[in-house]
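Please look through the sequence and the model shown here before reading the notes that come after them.

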Amino acid sequence: MLEKTTRINNLLDFYRVLLTPKQRMYMDLYYIEDYSLGEISDTHDISRQAVYDNIRRTETILENYEATLQLYEKFKRRTQLLTELEESFDQISKEIFEQKIQQIKELD
């Protein structure tokens with residue numbers, strides 16, 4: 001569950017602006033503020049099922065955005081490559097350094 005929460009939070013970082021205000025509100029309350037479905041439904045005077053359905057649909061929307069745009073995946077790969085460069089900076093040859101830089105450039 002923690003892995004899913006972390007992934008959704010990361011996807012929200014990238015795609016929040018593409019969501020409707022209502023979708024953003026429910027996702028922020030559920031994933032960032034850690035509200036329960038019941039707390040959200042009580043606060044907004046709607047059923048728990050409506051909150052649940054909205055959150056699940058929005059998760060699907062976020063996953064579809066990621067499948068299409070791959071911003072989060074590219075970010076993770078870029079971060080990984082930069083970490084590899086930093087860790088091996090002293091032992092790295094110029095050729096390997098240039099290859100890693102090229103891989104980073106190709107991500108975009």
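Predicted model: local features only at pLDDT ≥ 70, side-chain atom pairs only at ≥ 80, totals over all residues.

## Aromatic pairs

Across the whole structure, a search finds five aromatic pairs. One of them joins F14 and Y72, whose rings are tilted, with 6.0 Å from centre to centre and 55° between the planes. Because F14 belongs to helix α1 (residues 2–15) and Y72 to helix α5 (residues 71–87), this pair ties together parts of the chain that are 58 residues apart in sequence. As for accessibility, F14 is partly exposed, with a relative accessible area of 30%, whereas Y72, at 10% relative accessibility, counts as buried, since the cut-off for a buried residue is under 20% relative accessible area.

Y15 and Y65 form a pair that is also described as tilted, because the ring centres lie 5.8 Å apart and the planes stand at 45°. With Y15 in helix α1 and Y65 in helix α4, this pair ties together parts that are 50 residues apart in sequence. Y15 counts as buried, at 0% relative accessibility, while Y65 counts as partly exposed, at 25%.

## The ring cluster

Which residues are linked into a cluster by ring pairs? The cluster consists of F14, Y15, Y65, Y72 and F75. Within this group, F14 and Y15 lie in helix α1, Y65 lies in helix α4, and Y72 lies in helix α5.

## T58 in helix α4

Helix α4, which spans residues 48–69, also holds T58. Is this residue, T58, buried or exposed? With a relative accessible area of 0%, T58 is buried, because the limit for that description is under 20%. When residues up to four places away in sequence are not counted, T58 touches L19, Q23 and M27.

## D28 in helix α2

D28 is found in helix α2, which covers residues 21–32. Its relative accessible area is 25%, so D28 is described as partly exposed. If neighbours within four places in sequence are left aside, D28 is in contact with R16 and E33.

A further relation concerns D28 and R56, which are 28 residues apart along the chain and whose C-alpha atoms are separated by 13 Å.

Terms used. Residues numbered from 1 in each chain as written. Heavy atoms only, no water. Helix = DSSP H or I, 4+ residues; strand = E, 2+ residues; numbered from the N terminus. Buried < 20%, exposed > 50% of the residue type's maximum accessible area, 1.4 Å probe, protein only. Contact = heavy atoms within 4.5 Å. Phe/Tyr/Trp six-rings, centres within 6.5 Å; stacked < 30°, edge-to-face > 60°.
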